[in-house]
Amino acid sequence: MVLGAGPGGYAAAFYAADLGKKVLLVEQEKNLGGVCLNCGCIPSKALLHASGMIREAKESAHRGVSFGPPALDLDKLRAWKNSVVDKLAGGVSFLAKKRGVQVLRGRGYFEASRSLRVETPEGQQFVVFDKAIVAVGSKAALPKVFDLGNPRIMTSTEALEVAEIPEDLLVVGGGYIGMELGSVYANFGSNVVVVEALPTILSGADPDLVRPVLQSARKNFRELRFNTKVTQMSTKGKKIRVLTQGADKVEKEEFFDQVLVSVGRVPRHHDLGLENTDVQMDERGFIKVNDRQQTSDPAILAIGDIAGGVLLAHKATKEARIAVESIVGQPSTSTGVIIPAVVFTDPELAWCGLTEAEARAKGLEIDVAKFPWGASGRALTFDRTDGITKLVVDLATERVIGVGIVGPGAGELIAEGVLALEMGATVRDLAESVHPHPTLSETLMEAAEAFYGVSTHTFSPKKREE
Ligand code: FAD
């Protein structure tokens, strides 16, 4: 039995069925696909694409291609975005049927370690299983200070509905969700202010790679304010009155048409009946698992957001495979698995393996090789020389232990980094693999060449003996 049909749950159900198991997939929502498909990865990227075209059009006048002001039809935009979601959700349902995965619509509640009560629209059903995989995901955190019951205060779920384009939008939290959705609204014409409690946006990535994202956001947003906290919010007519406090401790009063709260996500562990099982949770409510996705209850495994770690769809999908392989007795583990991270801002930011900061904090003997996109022919052809491709290299073995890329398409390019790390590639492997010209993929090869001081399109004093 798989509880929850997000990218973790449906992938687990499909794989278990492919391996010959009898599978029941329990999902409370009408659509399969979870947060990712219905109110996460997919609709956000659709809106980023649609809104990004406006920005691109604005920035193309100096190339001799000018456009008039965009005409925005929000009903059409929503209909298009929803059609993308519906097409994919329909595809997931179709694939479930084809595999013989039985789907039960309803809310699941563990009555014991091997039984689940499901509240369906037709009444209660009771399910008994040999093994369960819990994949119930996470939801947006909404701290009390924001929880006024005012629809103008949105989480990402409401923001993705684009009910209107507010004139003034406050985004609380400069993580990837705040930066992506802030970009969508800024591209559509909102004055966006981002406040972030930490000293920078996208903490976790290396600062040299964050810089181009920050520079671009400074142009696109009205303001980015760091070391700043929202201390109070209240409704004032059609506006939201917001008090913020920065590092100087001076309180600032402002009024916004809408507020997007993107301060993190919390596990959906409430009302699951986990107390009727032997499953244990950590202090934040994430289910504790070992590196085989097993919980402390022998009948129950957990994957995806509910199992903590990085809250990303592809991490959920990978854990789905590990969990199913644990059940069928294969020796798979999550140890050493490379989970890339991508921020779909403009420019995109992506990294995998160790960041430079992480490698240095671990005290590893490393070197860093970078290739600036200003030296890439391909980047110049589409006028985007703000990118950087960076390799973190273990000096003793010359193995690539981290890759970071900022620039348009970084999310696609990072896959080569993942493969390099998974295969234990050395920096020479990357340098000697012929990359097609003119493409941005060459920046990975040239960064590797730069490690030896022999990058064709940059000049640096020879760093390494051949
Ligand atoms: P979920 O997708 O959360 O699915 C859990 C499912 O369980 C839901 O369908 C829920 O209805 C169901 N469920 C919960 N409780 C019960 C119950 N008791 N009974 C029955 N069903 C239940 N990740 C990326 O990798 N790339 C991105 O670009 C990206 N963009 C994002 C953008 C936004 C705005 C957001 C919010 C998230 C984004 N994410 C992205 C994160 C990604 O959506 C999650 O990491 C991913 O959905 C987690 O998958 P999951 O299977 O663990 O859970």
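A crossing of two helices is called right-handed if the near helix is turned clockwise from the far one by less than a right angle. With that term in hand, here are the legends for a few close-up views of this predicted model.

View 1. The axes of H1 and H8 (residues 313-327) approach to within 8 Å, with a crossing angle of roughly 40 degrees. On the H1 side, the residues to look for are Ala11, Ala12, Tyr15 and Ala16. They meet Thr317, Ala320, Arg321, Val324 and Glu325 of H8.

**View 2. Helix H1 also packs against helix H4, and this crossing is left-handed.** Here H1 (residues 9-18) and H4 (residues 74-99) have axes that come within 10 Å and cross at roughly 25 degrees. The two helices are therefore roughly parallel. H1 contributes Tyr10, Phe14, Ala17 and Asp18 to the contact, while Val92, Leu95, Ala96 and Arg99 come from H4.

**View 3. Thr277 is a buried residue in a loop.** The loop in question runs between strand E17 (265-267) and strand E18 (300-302). Thr277 has a relative accessibility of 8%, so it counts as buried. Follow its side chain and you will find the backbone oxygen of Leu274 at 2.6 Å. Leaving aside residues up to four places away in sequence, Thr277 touches Phe110, Ala112, Ser113, Asp297 and Ile300.

**View 4. Helix H13 is largely enclosed by the rest of the structure.** Ten of the ten residues in H13 (residues 442-451) are buried, which is why the helix is described as largely enclosed. Just after the helix, have a look at Gly453, which takes a positive phi of about 75 degrees.

**View 5. The domain assignment divides the protein into domain 1, domain 2 and domain 3.** Domain 1 is made of two stretches, 2-140 and 266-328. Domain 2 covers 153-263, and domain 3 covers 347-460. Taken over C-alpha atoms, the centres of domain 1 and domain 3 are separated by 32 Å.

How values were computed:
Residues are numbered from 1 along each chain as its sequence is written. This is a predicted model: local features need pLDDT of at least 70, side-chain atom pairs count only at pLDDT 80 or more; totals for chains, interfaces and linings use all residues. Side-chain values use heavy atoms; hydrogens and water are left out. Helices (H or I, at least four residues) and strands (E, at least two) are DSSP runs, numbered from the N terminus. Buried means under 20% relative accessible area, exposed over 50%, partly exposed in between (1.4 Å probe, protein chains only). A polar contact is a pair of N or O atoms within 3.5 Å; within protein, one must be able to donate a hydrogen and the other to accept it, and residues adjacent in sequence count only if both atoms are side-chain atoms. Contact means heavy atoms within 4.5 Å. Domain bounds come from an automatic or database domain assignment. Axes are lines fitted to C-alpha atoms, for helices over the stretch in contact, and angles run from 0 to 180 degrees between N-to-C directions. Angles under 35 degrees count as roughly parallel, over 145 as roughly antiparallel, 65 to 115 as roughly perpendicular and the rest as oblique.
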